[in-house]
Amino acid sequence: MKIIQKIGLAIFLICFAIFISLLGLGKYQLTEVSFKASVTDSTHQALLAPNIQQMLGKTYDSKIDFITDYNKSLDKTNQKFKDNQEWDKVIYTDYALAITKNSTIGFVKDNQMLLFYICFVISALGGAIYMVADLFIHPVAGIKNNDIFKRSITSRGIIAIFFSVFLVVFYLFLYKAPAYISNWVLLVDPLSFSLTGGEASHWFLYGFLYSIIMLTMGIRMYVKYRHNTYQMVRTTSVIFFQLAFAFMIPNILTKLQLPAMDFKNMWPLDYTFFFDYRLDSLLSAGMLGYWMLGWGIFLFVVGVPVMVYFFGKRWYCSWVCGCGGLAETFGDPFRQLSDKSLKAWKYERVIVHSVLVFAVIMTAAVLYTFFTGASTILGINTYAIREIYSFAIGFVFAGAIGTGFYPLMGNRVWCRFGCPLAAYLGLVQRFKSRFRITTNGAQCISCGNCSTYCEMGIDVRAYAQKGENIIRASCVGCGVCAAVCPRGVLKLENLAEEGRFDIYTRPEEQ
Ligand code: SF4
Ligand code: SF4
C-alpha cells in the first residue's frame with residue numbers, strides 16, 4: 001500500500017509542477033478584438049486606444065514585457081488627466097488581468113480543458129489516493145501523529161519555509177498583481193462560463209482552488225478522524241458550506257444577474273458588507289436585495305448572540321466559516337504549531353480586540369460617507385480608512401499571514417489573532433453561553449496531547465489537571481483536544497448556564 005501512496009504523491013507533485021510551469025508559458029498578442037473584450041467601458045476604450053496602438057499586432061514572448069507595456073500605456077493615459085486635475089477621467093479600473101488573459105495565444109490557450117483536468121482533477125485525484133491509502137497502511141482507526149515533529153513540512157523545517165513563502169507569494173499576486181497569474185485564471189474560464197455566464201476573474205479561481213483544496217484535504221480528515229463522529233460531521237459541514245454557500249450560490253446569483261452573496265459570511269469578517277458599492281447593488285436589486293441586506297444584519301445582530309448562547313462559537317468557527325473550514329482541513333497538519341505561551345495569549349487578546357474596534361470604526365466611517373455624502377470625518381478621509389483596513393487586515397493579516405503562515409505559526413493564526421468576528425463571538429462565548437469543555441480531572445495522565453493539538457494555543461492540560469471547565473473566548477470548539485485524549489477526559493457540552501465556572505461532575509462519574 002505504501003507504493004500506492006507514493007504513486008498518489010508522485011501524481012500530485014507532477015501535476016503541481018505542471019501547474020507552476022504554466023505561469024511562464026504562452027505568448028501575448030493584443031488585437032482590437034481582445035482589447036474591446038477586456039476594456040468593457042466604452043469611455044475607457046476611447047481614452048486608452050491612442051496609447052495602446054504600439055502594442056496592437058505585436059507578439060510578446062514574455063508576459064512581463066506585455067504587462068509592462070500595458071502599464072506604461074495606462075500611465076501615459078492617466079498622466080495627462082492627473083496633470084490637468086481631471087480626476088473623473090483617470091482610469092482606476094484594473095484591466096491588466098483581462099487584457100493579458102484575452103491576449104494569450106499558444107499552448108495554454110489551445111489546451112485549456114486538458115490542462116484544467118491535469119492541474120485540478122488529476123492532481124486532486126493524486127492527493128486523494130495518497131490520503132485514502134492511509135486506510136490500508138493504518139487499518140486500525142485512531143489518530144496517528146507519528147513523526148509529526150520530525151517531518152520538515154510539519155515542524156517548521158526547510159520544506160515548511162518554502163511552502164510558506166510559496167503561499168505568501170501566491171497571495172501577493174492574487175491581491176496585488178493578478179495579471180501575472182493569468183494562465184491559471186484562463187484554465188477556469190470554461191467552468192466560469194458555465195456557472196456565471198461570464199469569464200473567470202482571479203477571485204473565481206481563488207474560490208475554486210479553495211473548494212477543491214478543502215474537498216481533498218477533507219478526505220484526509222475523514223481518514224484520520226474516522227473513529228470520531230464529531231469530526232466526521234463537522235468536516236462534512238465545513239465542506240458543504242464552502243461548496244454550496246461560498247462557491248456555487250454566489251456564482252449562480254451572478255448568472256441570474258442578481259447581487260452575489262455568500263449567505264453565511266457576515267460582518268465584520270465580511271468587512272466590505274457596508275461598502276457603498278455593495279449597498280448600492282443590494283438597494284437596487286428590489287425586494288431580494290433588501291432581504292439580503294436584512295439577512296446580513298440579522299446574522300450578526302441576532303444570529304451570533306443566540307447561536308453562541310446555545311452552542312458556543314463553534315457553530316460558526318468550526319462548522320460554517322470558510323476561513324475556519326480551510327484551517328480545519330488544509331491547515332490540520334499544522335495545528336500543533338500554535339504558540340501555547342502566556343505571552344501569546346496576552347498578545348492575542350490585545351490584537352484581536354483591536355482589530356474588532358478598527359472594523360467598527362472603519363464601518364462607521366464608511367456608513368457616515370454613505371448617508372451624508374461627506375468624504376471626511378474629523379478631517380480624516382473615510383476612503384483612506386477603508387483602504388488601510390482592506391490592505392492591512394484584508395490582505396496582509398487574513399490572506400498573506402493568515403493562510404501563508406500555516407506551516408510556520410499553525411492553522412488558526414488569523415482566527416486567533418486577527419478575525420474581528422471571532423473576537424465578537426468570543427466575547428459572547430466567554431460571558432453568556434451554555435458551552436464549555438468539561439474535564440474529568442481524575443482520569444488525566446498529563447500526557448499533554450490536548451494542549452499540543454489545540455490550534456488556538458490553549459493549555460488544555462492545565463485545566464484538565466485541575467478538573468476545571470474550559471471556558472475560553474478563543475476556543476473554537478474544534479473538538480480535537482477531546483479526540484486526541486487517550487483517557488476520555490474532555491467533553492464539549494452545552495449545559496445549563498448556571499454554575500458553568502464551578503467544578504462539574506458528570507452524571508456517570510457521580
Ligand atoms: S480547547 Fe479543544 S475544542 Fe477548543 S480550540 Fe482547543 S482543541 Fe479545539
Ligand atoms: S490529552 Fe487527556 S490525558 Fe492527556 S493531558 Fe490532555 S486531558 Fe490529560
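Me: So what's the strand order in the open sheet of three strands, and what sort of pairing does it have?
Reply: Keeping in mind that this is a predicted model, the order is β2-β1-β3, and the pairing is antiparallel.

Me: Which strands stand at the edges?
Reply: Those are β2 (59-60) and β3 (104-105). Each has a single partner strand, so one side of each has no neighbour in the sheet.

Me: How many bridges are there between β1 and β3?
Reply: Two, and the strands pair in the antiparallel sense. Tyr28 is found opposite Thr104 of β3.

Me: On to aromatics. How many aromatic pairs turn up in the whole structure?
Reply: The search finds 46. One of them is Tyr28 with Phe66: the ring centres are 5.7 Å apart and the planes are at 35°, so this pair counts as tilted.

Me: And which parts does that pair tie together?
Reply: Tyr28 belongs to strand β1 (residues 27-29) and Phe66 to helix α4 (residues 63-83), so the pair links parts that are 38 residues apart in sequence.

Me: Are Tyr28 and Phe66 buried or exposed?
Reply: Both Tyr28 and Phe66 are buried.

Me: What about Phe170 and Tyr171, what kind of aromatic pair do they form?
Reply: An edge-to-face one, with 5.6 Å centre to centre and 75° between the planes. Phe170 is buried because its relative accessibility of 12% is under the 20% cut-off. Tyr171 is buried as well, at 3%.

Me: Which residue has its charged end over the ring of Trp345?
Reply: Arg472 does, 3.5 Å from the ring centre. Arg349 also lies over the face of Trp345, at 4.7 Å from the ring centre.

Me: Switching to the backbone: where's the cis peptide bond?
Reply: It runs from Trp267 to Pro268, with omega near 5°. Pro268 is in the loop that connects α12 (229-255) and α13 (276-283).

Me: Last topic, α14. How far apart are its end C-alpha atoms?
Reply: They are 35 Å apart. Helix α14 (residues 286-311) has 26 residues, and at 1.5 Å a residue these should span 38 Å, so the two values agree.

Me: Where does the kink in α14 lie?
Reply: At Gly303, shortly before the proline Pro305, and the kink is about 45°. Gly303 is also among the buried residues of α14, including Gly296, Leu299, Phe300 and Val304.

Me: What covers the buried residues of α14?
Reply: The cover includes α12, α13, α15 (314-317), α21 (420-431) and β6 (435-439).

Me: And what follows α14?
Reply: Gly312 does, with a positive phi near 80°.

Note on methods: Residues numbered from 1 in each chain as written. Chains lettered and ligands numbered in written order. Predicted model: local features only at pLDDT ≥ 70, side-chain atom pairs only at ≥ 80, totals over all residues. Heavy atoms only, no water. Phe/Tyr/Trp six-rings, centres within 6.5 Å; stacked < 30°, edge-to-face > 60°. Helix = DSSP H or I, 4+ residues; strand = E, 2+ residues; numbered from the N terminus. Buried < 20%, exposed > 50% of the residue type's maximum accessible area, 1.4 Å probe, protein only. Lys NZ or Arg CZ within 6 Å of the ring centre and 35° of its normal. Expected span 1.5 Å × (residues − 1). Bend = angle between axes of the 7 residues up to and from the residue. Contact = heavy atoms within 4.5 Å. Pairing = 2+ DSSP bridges.
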